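Visitor: I would like to learn how to read a few features of a protein model. Please take them in turn.

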Amino acid sequence: MADTARPESKLAAVPREISPAGLDADKAFAPLLAIIDQARTRAAQAVNQELIGMYWSVGEHVSQRVADGSWGQGVVEELSAHIQRRHLGIKGFSASNIWRMRQFYDTYQANPILAALLREITWTNNLLIMAGAKTDEAREFYLRITIRDRLSSRELERQIDSMLFERTMLSDHATAKAVVRHPELSTLRDSYTMEFLGLPDDHSETGLRRSIVAHLREFILEFGKDFAFIGEEYRLQVDDTDFFVDLLFMQRELGCLVAIELKLGKFKPEYVSQLDFYLEALDRQVKKPGENPSVGLILCSSKSDTIVEYALSRSLSPSLVARYELHLPDKRVLEAKLAELRDVAASDTDG
């Protein structure tokens, strides 16, 4: 909304290193540092692939011996002790971990696509996915986002605990019509979980915005790592009036600005016209040549899907309305909703 002038948020500048020879070291040595970093990354990936391949082969052997009845728990415990006697200090070959290798092989051996993906992530992340994902569809989802976003074990665990797979599947169904009109909206969802903010239920819009900025890393993880933060209360000046976008991001994959407006309470139709205005101003004043048109997201604490559909039906801007929650979702409720959605889809197909 219109307001008096406030300072535009700026990111702190990182000082550049000057070498004793007077060179701009960051610029002069960047190509060599890139060579080193790329080589180290490739080496780490090769080691990880070999490690996962070894665990797969051990799991395959144990699975076959268990299947033909020649091995049981006692033999696996003896195998673990024998390996550790022969290779002093070796880690990862406890009896329980050997059984996990067998489970690992049994889980993926019938699915060659997933068997190829799992070699691209760490053993710890593979164990998290095996424990948290119960279907091949869910396993593939978490494997792909772990590879794409280079998720750490902590980040992956959070995504599984927040039931990102189930939320994404339900969101894809809810936003299908909007995505047909504006394919770029496929990177957004119709609901977000932000338990990491630690806000009380009676929080203010200002408190919400400031808490998001204070927890920016977690916020970007929830939205996707292709989001890069530009600023909060980003100032747009039209004629002699200042307007402020709550949060402004760049979505690198799409090559466009993403304006996020934060609203407490239920969604109201007038929010759309305000966001349309901001997107037009961003495209005229901020968008750089070669970038795609700006995208908007209204983030509310609640919304009526019917009212949202009416409000967006005549808007030409690529915009979406999403709901945010401050608590982790109820696992049973989400699973039930997803099962109901699949049942409906199956009945439609049969019909």
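Guide: A definition comes before the helix pair: axes are lines fitted to C-alpha atoms, for helices over the stretch in contact, and angles run from 0 to 180 degrees between N-to-C directions. Note also that this is a predicted model.

Visitor: At what angle do helix H6 and helix H8 pack?

Guide: The angle between H6 (residues 123-132) and H8 (residues 153-161) is about 10°, and their axes lie 10 Å apart. Angles under 35 degrees count as roughly parallel, so H6 and H8 are roughly parallel to each other. On the H6 side the contact is made by Thr124, Asn125, Leu128, Ile129 and Gly132; H8 contributes Ser153, Leu156, Glu157 and Ile160. By class, the residues of this contact between H6 and H8 are four nonpolar, four polar and one charged.

Visitor: Now pockets. How much space lies in the largest pocket?

Guide: Rolling a probe the size of a water molecule over the atoms shows where empty space is left. In this model the largest pocket holds about 940 Å³. It is lined by 35 residues, and Ala174, Thr175, Asp190, Lys303 and Asp305 are the closest to its centre. Elements that each supply at least two lining residues include helix H9 (164-174), strand E2 (191-193), helix H14 (305-313) and helix H15 (331-350). The lining of the largest pocket divides into 13 nonpolar, ten polar and twelve charged residues.

Visitor: What is the volume of the second largest pocket, and which element gives the most to its lining?

Guide: Its volume is about 530 Å³. Of its 22 lining residues, Phe141, Ile145, Arg148, Thr168 and Ser186 are the closest to the centre. Helix H7 (136-149), H9 and helix H12 (216-223) give two or more residues each to this lining. H7 gives the most, with five residues. The classes in the lining of the second largest pocket are seven nonpolar, six polar and nine charged.

Visitor: How many aromatic pairs does a search of the whole structure find?

Guide: A pair of aromatic rings is described by the distance of the centres and the angle of the planes. The search finds 17 aromatic pairs. One of them joins tryptophan 56 and tyrosine 105, with 5.1 Å centre to centre and 75° between the planes, and is edge-to-face. Tryptophan 56 lies in helix H2 (residues 30-67) and tyrosine 105 in helix H4 (residues 95-108), so the pair ties together parts 49 residues apart in sequence.

Visitor: Which residues does alanine 95 contact, leaving aside its neighbours within four places in sequence?

Guide: Alanine 95 is located in helix H4. With those neighbours left aside, alanine 95 is in contact with Val76, Glu77 and Ser80. Serine 315 is 220 residues from alanine 95 in sequence and 60 Å from alanine 95 in space, C-alpha to C-alpha.

How values were computed: Residues numbered from 1 in each chain as written. Predicted model: local features only at pLDDT ≥ 70, side-chain atom pairs only at ≥ 80, totals over all residues. Heavy atoms only, no water. Helix = DSSP H or I, 4+ residues; strand = E, 2+ residues; numbered from the N terminus. Parallel < 35°, antiparallel > 145°, perpendicular 65-115°, else oblique. Contact = heavy atoms within 4.5 Å. Nonpolar A, V, L, I, M, F, W, Y, C, P; charged D, E, K, R; others polar. 1 Å grid on protein atoms, 1.4 Å probe; cavity = no way out; pocket = protein on both sides within 12 Å on 5 of 7 lines; lining within 4 Å. Points joined across faces, edges and corners; volume = space filled by probe spheres on them. Phe/Tyr/Trp six-rings, centres within 6.5 Å; stacked < 30°, edge-to-face > 60°.
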